[in-house]
Amino acid sequence: MTEQTFNYFDLPIGESPEPTPVSEQRRELARELLAISEQLVRLDADESALADYTAQARALREQLESHGHRSMRDILGRLITGQGSRQDALDMAEFEILSGPASPLSPPMTLWLDGDTVRGSATFGRVFMGPPGKVHGGVLALALDMLMAKTQDFVTGLGMTGTLNIRYLAPTPLNTEIRFEARLNRLEGRKLFVEAKVFAGDTQTVEATGIWVSARGDYRLRDRFAHLAPADQPA
Ligand SMILES: CCCCCCCCCCCC(=O)SCCNC(=O)CCNC(=O)[C@H](O)C(C)(C)COP(=O)(O)OP(=O)(O)OC[C@H]1O[C@@H](n2cnc3c(N)ncnc32)[C@H](O)[C@@H]1OP(=O)(O)O
């Protein structure tokens, strides 16, 4: 059977193919590393125990360094020409901060499309703390950036975050399932206007609006999302 190939511009943002055995193991390693980070916060250990842990961590880092890294330039080169492997496609998405399941900087936050809404969910532990017992506002800004960028799945074109406006309405608790939702407001040439909300239980804790700017060319709605165009604005 011929191995499936992947094209960068067809990869849904925040979604990656079924994990390979290598990716499964990377994800498990990342979960372990995040769990270690959680333990380190205000760890009540004495100096000699900490010195011992430091030596173990250093030995692990040195082992990891012996492997090197797959080249991003080569991976992107293959994906942009539609010749990317499944591992290439996984490498692009699974290390994204906060949402990539192989990143030790990810709770992870899961992202998915639900009709015309992008939804997200995450439970933040103490490494993500801002005010005591609450999620750091900058972490929520990052989470919103990841979430809102995914509205680009509704359109052709890919760009960067131009503007992100955030209003914190109430503190967002740690160790609680936090829900996120984002919707496309409108398209205007190279600009995509997006709005988003964050909830803890029934309480809305954050509201946000943002503008994404396409790298080149105007954004256009994909056929299956043509109904998102306002009546006076053709898709
Ligand atoms: C290959 C894959 C790549 C895509 C790769 C995707 C990677 C994922 C990124 C992850 C998320 C990030 O961290 S993104 C990193 C954070 N963001 C950034 O670093 C962006 C830094 N800013 C820039 O590089 C630039 O300012 C751009 C690209 C945003 C815009 O520059 P430009 O391309 O010269 O655009 P320009 O002609 O000035 O403006 C085009 C239209 O957009 C408007 N506009 C310009 N800047 C902004 C802005 N910041 N916020 C709102 N609107 C803006 C203008 O008024 C104009 O509207 P009109 O006159 O036409 O009405």
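This note sets out points on the fold, the helix packing and the ligand shell of a predicted model.

1. Overall content. The chain has 235 residues, of which 26% count as buried. Its secondary structure comprises five helices and eight strands. Along the sequence these elements follow the pattern α-α-α-α-β-β-α-β-β-β-β-β-β. The C-alpha trace spans about 70 × 50 × 30 Å along its principal axes.

2. Contact range. Taking contacts between residues at least 6 apart in sequence, 66% join residues at least 24 apart.

3. The sheet. Six strands make up an open sheet, ordered E1-E2-E5-E6-E7-E4, with antiparallel pairing. Strand E1 (110–114) and E4 are the edge strands, each pairing on one side only. Neighbouring strands of the sheet are turned against each other by 25° on average, direction ignored. In general terms, strands of a sheet pair through backbone hydrogen bonds.

4. The E5 and E6 pair. Within this arrangement, strand E5 (residues 177–188) and strand E6 (residues 191–200) run antiparallel and are joined by ten bridges. Glu188 stands opposite Lys191 in E6.

5. The helix on the sheet. H5 packs on the sheet and touches E1, strand E2 (117–123), E4, E5, E6 and E7. The direction of H5 makes about 135° with that of E4.

6. The H3 and H4 pair. Helix H3 (residues 72–80) packs with helix H4 (residues 86–93) at an angle of about 115°, and the axes are 10 Å apart. The crossing of H3 past H4 is left-handed. On the H3 side the contact is made by Ile75, Arg78 and Leu79, and on the H4 side by Asp88, Ala89, Asp91 and Met92. By class, this contact has four nonpolar and three charged residues, with no polar residue.

7. The ligand shell. The ligand is surrounded by 14 residues, and the closest are Met160, Gly162, Thr163, Ile211 and Val213. By class, the shell has six nonpolar, five polar and three charged residues.

8. Origin of the shell. Helix H5 (137–149), strand E4 (159–168) and strand E7 (203–214) each supply at least two residues of the shell. Which element gives the largest share of the shell? That element is E4, with five residues. E4 is also an edge strand of the sheet, and H5, another contributor to the shell, touches both E4 and E7.

Key
Residues are numbered from 1 along each chain as its sequence is written. This is a predicted model: local features need pLDDT of at least 70, side-chain atom pairs count only at pLDDT 80 or more; totals for chains, interfaces and linings use all residues. A residue is near a molecule or strand if its C-beta atom, placed from the backbone, lies within 6 Å of it. Helices (H or I, at least four residues) and strands (E, at least two) are DSSP runs, numbered from the N terminus. Ala, Val, Leu, Ile, Met, Phe, Trp, Tyr, Cys and Pro count as nonpolar, Asp, Glu, Lys and Arg as charged, and the others, Gly among them, as polar. A residue is buried if 20 or more other C-beta atoms lie within 10 Å of its own, exposed if 12 or fewer, and partly exposed in between; C-beta atoms are placed from the backbone. Two residues are in contact if their C-beta atoms, placed from the backbone, lie within 7 Å. Two strands pair if DSSP finds at least two bridges between them. Axes are lines fitted to C-alpha atoms, for helices over the stretch in contact, and angles run from 0 to 180 degrees between N-to-C directions. A crossing is left-handed if the near helix is turned anticlockwise from the far one by less than a right angle, and right-handed if clockwise.
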